[in-house]
Amino acid sequence: LVSAATRDGLDELLSAAEEALLQLNVLVECVVPYSAGDLLAEIHRDGTISEEDYGEKGTYVKAHVPRSLGNRLRRYAVPST
């Protein structure tokens with residue numbers, strides 16, 4: 001139960017909504033070259049970033065992103081270990 005008046009249950013509702021939205025996205029782990037800054041901007045705009053680090057070859061990102069963006073990022077995927 002959620003109460004707008006007392007805010008009881010609001011945190012649980014927000015957590016459930018966030019989890020549901022993340023289920024619609026895919027997890028990506030990639031190194032986006034600095035020359036593809038537009039993709040990095042799109043990750044920031046449309047995704048939920050859990051890790052980000054700047055390296056020699058580009059920006060390492062681990063994030064949940066919409067499937068269409070995830071497909072475009074496949075070419076920059078970090079190989080699984």
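**Around T59**

A: Happy to! Leaving aside neighbours within four places in sequence, T59 is in contact with C30, V31, V32, Y34, L40, E52, D53 and Y54, where contact means heavy atoms within 4.5 Å. Before going further, note that this is a predicted model, in which local features need pLDDT of at least 70 and side-chain atom pairs count only at pLDDT 80 or more, while totals for chains, interfaces and linings use all residues. Residues are numbered from 1 along each chain as its sequence is written, and side-chain values use heavy atoms, with hydrogens and water left out.

T59 belongs to strand β3, which covers residues 59-66. Strands here are DSSP runs of E with at least two residues, helices are runs of H or I with at least four, and both are numbered from the N terminus. T59 counts as buried because its relative accessibility is 1%; the scale is buried under 20% relative accessible area, exposed over 50% and partly exposed in between, with a 1.4 Å probe and protein chains only.

Now for the sheet. Three strands make up an open sheet in the order β1-β3-β2, with antiparallel pairing. The edges are taken by β1 (25-32) and β2 (48-54), each with a single partner strand, so each has one side left without a neighbour in the sheet. On average, neighbouring strands are turned by 15° against each other, direction ignored; axes are lines fitted to C-alpha atoms, for helices over the stretch in contact, and angles between N-to-C directions run from 0 to 180 degrees. Strands count as paired if DSSP finds at least two bridges between them.

On the β1 side, eight bridges join β1 to the antiparallel β3. C30, one of the contacts of T59, has V61 as its bridge partner in β3, and E29 stands opposite K62. Against this sheet packs helix α2 (residues 37-46), which touches β1, β2 and β3 and whose direction makes about 50° with that of β3.

On the β2 side, six bridges join β2 to β3, again antiparallel. D53, also in contact with T59, stands opposite Y60 in β3. The hairpin of β2 and β3 has four residues between the strands, and G58 takes a positive phi near 155° there.

The buried residues of α2 are L39, L40, E42 and I43. Seen down the helix axis, they fall within an arc of 155°, so they line one face of α2; the arc is that of the directions from the helix axis to the C-beta atoms. These buried residues pack against β1, β2, β3 and α3 (67-73), while D38 and R45 are exposed on the other side of α2.

Finally, the charges. A search of the whole structure finds two salt bridges, each meaning a side-chain nitrogen of Lys or Arg within 4 Å of a carboxyl oxygen of Asp or Glu. E42 forms one with R72, with the closest N and O atoms 2.5 Å apart. Since E42 lies in α2 and R72 in α3, the pair ties together parts that are 30 residues apart in sequence. E42 is buried at 17% relative accessible area, whereas R72 is partly exposed at 39%. R45 and D46 also meet in a salt bridge, at 3.1 Å from N to O. R45 is exposed at 61%, and D46 is partly exposed at 34%.
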